Amino acid sequence: MQFARRMDQFGEGIFSRLLEIKRKKVENGETIIDLSVGTPNIPPAQHIMDALCTAAADPKNYIYAVNDQMALLDAVSSWYDTRYGVTLDPKTEICSLLGSQEGLAHIALSIVDEGDVVLVPDPCYPVFADGPLLAGAELYYMPQKKENGYVIQLQDISVDIAKKAKFMVVSYPNNPTTVMAPKEFYLDLIAFARKYDIVVLHDNAYSELVFDGKTCGSFLTFPGAREIGVEFNSLSKTYGLAGARIGFCVGNAEVVSRLKTLKSNMDYGMFLPIQKAAIAAITGDQGCVAVMKDAYERRRDVLCDGFKSIGWNMEKPEATMFVWAVIPPHYKKSTDFAMDLVEKAGVMLTPGSAFGPSGEGHVRMALVQDEVVLQQAVEAVKKSGILKV
């Protein structure tokens, strides 16, 4: 058999490898505390589940959705107006996604041709790079360095690269580094994109998971943002709907239109009961959002304070559902540390190298276990002695 050469650049995903390790250990009777994948374990609020169940019990809802229901588009428009102060045309500036991952994997197909340059953060969530690679693009990594607060330095991108670039991905609050970007960055980003005619995709999946009294808005609130780009948003973490796969692309009408056309040739739209659940989430009582945020903030404190108490110092994230930590100094590679940790302590996390070249020397931990389990993880690491030289 012969297969597509484009797949030669992809190995088995790191999350699949980690899950296979976990499966084998659990089958052998070992206890594994999994902090590797950002899979929320906090369920949606009751009114969201009720909307889903009611709609799922209606036989009429099992037809092809084909397109987004107008009720959903109106709800997203109202949500963005109320939450972010952004006015969106529901007919032309909103497109649903079967989860942000699906949209991130496919949108490059509607923007770039083979050989075009795409700018992606480094480190970054893997699909930020994988989507453009599937479209045949050439990647240029934009480093996110600690000395710069993990914020991309646009002035470091050469003029030659900027002139070649067609598309760029930016995401704050950031996965995996967990930081937010200042207002000045977005103003510079819009000016940069306009100068070089680059389409911007801003991923805003973690705007609600911001801690210590801070808040986060939308990229689209800045003047000129809608003229050069779109924003992705997701209900996965904010509302506990990860498995339901609900995301949105909003903003520039031309970009949204191209994505809609692409998707019309690839899928039949979001299952109607899922659309009903999405409407219930973003139009219903938003108290559940604060509950979700507070739960992740408490988990952050338990994990970070716990590891600090046993000698593994790490900065507390200001946002997201992750912790980005430097590996112990006696380890040179993040993969070696991650594999030792699961072997000796039964704690699974993701090596930073999975997120790009600049991720080496770090690991990412997902706050997806209850506080008591996170305390157990700290005790397991302490008992293993892995932090000692």
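Let's start with Arg23, which is partly exposed, with a relative accessible area of 38%. Its partner is Glu27, and the side chains of the two meet in a salt bridge, at 2.6 Å from N to O. Glu27 is exposed, at a relative accessible area of 57%. Keep in mind throughout that we are looking at a predicted model.

Where do Arg23 and Glu27 lie? Both are in helix α1, residues 14–27, and they are four residues apart, about one turn of the helix. An α-helix has 3.6 residues a turn, so residues three or four places apart point the same way. And side chains of opposite charge can pair when their charged atoms come close.

You will find that spacing again in helix α11. There, Glu297 and Lys293 are four residues apart, about one turn of the helix, and their side chains form a salt bridge at 3.6 Å, N to O. How accessible is Glu297, buried or exposed? Glu297 counts as buried, because its relative accessibility is 15% and the cut-off for buried is under 20%. This pair also belongs to a network of salt bridges, which links Asp212, Lys293, Asp294, Glu297, Arg300, Asp301, Asp305 and Lys316.

While we are on α11, have a look at the helix itself. It runs over residues 287–309, which makes 23 residues. From its first C-alpha to its last it reaches 33 Å, close to the 33 Å expected at 1.5 Å a residue. Just after α11 comes Gly311, with a positive phi of about 100°.

Now for a salt bridge of another kind. Glu315 and Lys146 bring their side chains together at 3.5 Å, N to O. This pair links distant parts of the chain, 169 residues apart: Glu315 is in the loop between α11 and β9 (322–326), while Lys146 is in the loop between β4 (138–143) and α6 (159–164). Glu315 counts as exposed at 52% relative accessibility, and Lys146 counts as partly exposed at 47%. How many salt bridges are there in total? The count comes to 24.

Glu343, in helix α12 (residues 334–344), is 311 residues from Ile32 in sequence, yet their C-alpha atoms are 9.5 Å apart in space. Glu343 counts as exposed, with 52% relative accessibility. For the protein as a whole, take the contacts between residues at least 6 apart in sequence: 74% of them join residues at least 24 apart.

Next, some backbone details, and two peptide bonds to begin with. The bond from Asp122 to Pro123 is cis, with omega near 5°, and Pro123 sits in the loop between β3 (117–122) and α5 (126–134). The bond from Tyr172 to Pro173 is cis too, with omega near -5°. Pro173 is in the loop between β5 (165–171) and α7 (183–196).

The loop between β5 and α7 also holds Thr178. Thr178 is not a glycine, but has a positive phi of about 75°. Is Thr178 buried or exposed? At 6% relative accessibility, Thr178 counts as buried.

Val66 is another residue other than glycine with a positive phi, near 65°. You can find Val66 in the loop between α2 (46–56) and α3 (70–84).

Finally, let's step back to the whole protein. It has 13 helices and twelve strands. The C-alpha trace spans about 60 × 55 × 55 Å along its principal axes. What would the radius of gyration of a compact globule be with 389 residues? It would be near 21 Å, and the protein has 21 Å, so the two agree. Of the 389 residues, 56% count as buried. The accessible surface comes to about 17,500 Å², and 51% of that belongs to carbon and sulfur atoms.

Note on methods:
Residues numbered from 1 in each chain as written. Predicted model: local features only at pLDDT ≥ 70, side-chain atom pairs only at ≥ 80, totals over all residues. Heavy atoms only, no water. Helix = DSSP H or I, 4+ residues; strand = E, 2+ residues; numbered from the N terminus. Expected span 1.5 Å × (residues − 1). Rg over C-alpha atoms; globule rule 2.2 N^0.38 Å. Buried < 20%, exposed > 50% of the residue type's maximum accessible area, 1.4 Å probe, protein only. Contact = heavy atoms within 4.5 Å. Areas by Shrake-Rupley, 256 points an atom, 1.4 Å probe, with all protein chains shown as cover. Salt bridge = Lys/Arg side-chain N within 4 Å of Asp/Glu carboxyl O.
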